Amino acid sequence: MSALLDRPPEARWLLALAHGAGAGIQHPFMESMSAALARHGVATLRYQFPYMERGRRPPDPQRILLETVRAAVTRATEVADGLPVLAGGKSMGGRMTSLAASQEPLQGVGGIVFLGFPLHPAGRPCVDRAAHLDAVGVPMLFLQGSRDRLASLDLLTHVCAGLGPGTTLCVVEDADHSFHVPKRTGRTDEEVLDELARRTADWAASLT
């Protein structure tokens with residue numbers, strides 16, 4: 001699989017970062033998110049699932065996705081060079097990370113970051129996809145837009161509350177699943193990504 005390492009000189013953590021279902025590691029969101037994280041001291045190892053490598057969709061079977069997460073985390077710990085390691089991803093990438101961790105601990109990973117957890121399909125609110133989260137075993141950070149159609153905020157808030165003090169939910173007002181905000185907010189998408197990166201760094205600092 002392909003992977004891109006972005007490690008600023010002042011890095012304090014390394015995040016193994018998976019992409020979402022529909023776009024790979026060179027998608028503008030992934031590139032901009034990695035750059036924002038770097039500005040806040042978070043290095044990233046962006047990695048690609050096999051189906052995206054082949055340029056094919058839909059995503060690989062879950063078994064392959066989970067094996068890819070584990071391989072990427074192993075590689076992240078190898079290149080971390082002493083940095084604490086986190087894991088996570090955008091939408092499906094974050095969910096696959098937590099699924100992998102719920103089945104077997106991700107060695108060396110101190111926490112999981114979700115950039116838009118896909119709690120349910122659009123227009124079909126339920127919490128089935130959250131059933132594994134109580135078995136993850138490490139702190140979790142949920143970064144979620146208030147207008148995300150793949151996660152009813154009321155449902156996600158309830159889920160996070162039930163997971164206990166090791167779980168943090170940060171809501172970005174007016175942001176959708178891609179963390180885009182309307183012009184009426186007076187904010188740019190770049191400012192939103194910077195907020196996500198800052199909150200990630202603040203959360204990571206609280207773990208140590």
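Reader: So what order do the strands of the open sheet come in?
Author: The seven strands run S1-S3-S2-S4-S5-S6-S7, with mixed pairing. Strands are DSSP runs of E, at least two residues, and helices are runs of H or I, at least four, numbered from the N terminus. Two strands pair if DSSP finds at least two bridges between them.

Reader: Which strands stand at the edges?
Author: S1 (3-6) and S7 (167-172); each has a single partner strand, so one side of each is left without a neighbour in the sheet.

Reader: Is this a predicted model, or what is it?
Author: It's a predicted model: local features need pLDDT of at least 70, side-chain atom pairs count only at pLDDT 80 or more, and totals for chains, interfaces and linings use all residues. Residues are numbered from 1 along each chain as its sequence is written, and side-chain values use heavy atoms, leaving out hydrogens and water.

Reader: ok, how many bridges join S5 and S6?
Author: Four, between S5 (residues 109-115) and S6 (residues 140-145), which run parallel. Phe 114 has Phe 142 in S6 as its bridge partner.

Reader: New topic: which residues of H6 are buried?
Author: Among them are Val 192, Leu 193, Leu 196 and Trp 203. Buried means under 20% relative accessible area, with exposed over 50% and partly exposed in between (1.4 Å probe, protein chains only). H6 covers residues 189-206.

Key: Expected span 1.5 Å × (residues − 1).
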